[in-house]
Amino acid sequence: MAECLFCRIIAGEVPATQVHADDLVVAIRDISPRAPTHLLLLPREHLDSAAQLTEAHGPMLGRLFSVGAELARAEGLGDRGYRLVTNVGRESGQSVGHLHVHLLGGRRMGWPSG
């Protein structure tokens, strides 16, 4: 999708600090971090949000979460804990219409969030 910011980042048209890339998932550092570690896990396939997921997306979701776990360990968060979050729609705080998972860590997280 030519107008999707994350599709353009994945395609290399918009610069980003990439920390992982494979055939299913790209991970970048968030430009406005909300925690000492704030990465965005992006599926290469464009989906507007988790609301569009089907059972057929299982392999991509498995890869998305396994990459998240790998990156959390690489960032030193494995034993400390971290949060994986996806937002669906504007009221949840989703600002880019491309499914993505936030990996947040490096500080104590409160609950409820928001």
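Predicted model: local features only at pLDDT ≥ 70, side-chain atom pairs only at ≥ 80, totals over all residues.
Good morning. Five elements each supply at least two residues to the lining of the largest pocket in this structure: α1 (5–10), β2 (25–29), β3 (37–43), β4 (82–85) and β5 (101–105).

The space in the largest pocket comes to about 650 Å³. There are 28 residues in its lining, and those closest to the centre are D30, R34, H38, L40 and H102. Which element gives the largest share of that lining? The answer is α1, with three residues. Sorted by class, the lining of the largest pocket holds 14 nonpolar residues, nine polar residues and five charged residues.

Five strands form an open sheet in the order β1-β2-β3-β5-β4, and their pairing is antiparallel. Which strands stand at the edges? They are β1 (18–21) and β4; each has a single partner strand, so one side of each lacks a neighbour in the sheet. From one strand to the next, the twist averages 15°. Helix α2, residues 58–74, packs on this sheet and touches β1, β2, β3, β4 and β5. The direction of α2 makes about 160° with that of β3.

On one side, β3 is joined to β2 by five bridges, and the two run antiparallel. Within this pairing, L40 of β3 has I28 opposite, and R29 has L39 of β3 as its bridge partner. Five bridges also join β3 to β5, again in an antiparallel arrangement. Here L41 stands opposite V101 of β5.

Two individual residues complete my account. The former is G105, which is found in strand β5. With a relative accessibility of 0%, G105 counts as buried. Leaving aside neighbours within four places in sequence, G105 is in contact with A35, P36, T37, L77 and Y82. The C-alpha atom of G105 is separated by 9.0 Å from that of R34, although the two residues are 71 residues apart along the chain.

The latter is N87, in the loop between β4 and β5. Is N87 buried or exposed? Its relative accessible area is 19%, and buried means under 20%, so N87 counts as buried. Not counting residues up to four places away in sequence, N87 touches S49, S92, G93, Q94 and H102. You will recall H102 from the pocket, where H102 is among the lining residues closest to the centre.

Thank you for your attention.

Key:
Residues numbered from 1 in each chain as written. Heavy atoms only, no water. 1 Å grid on protein atoms, 1.4 Å probe; cavity = no way out; pocket = protein on both sides within 12 Å on 5 of 7 lines; lining within 4 Å. Points joined across faces, edges and corners; volume = space filled by probe spheres on them. Helix = DSSP H or I, 4+ residues; strand = E, 2+ residues; numbered from the N terminus. Nonpolar A, V, L, I, M, F, W, Y, C, P; charged D, E, K, R; others polar. Pairing = 2+ DSSP bridges. Axes fitted to C-alpha atoms, helices over the stretch in contact; angles between N-to-C directions. Contact = heavy atoms within 4.5 Å. Buried < 20%, exposed > 50% of the residue type's maximum accessible area, 1.4 Å probe, protein only.
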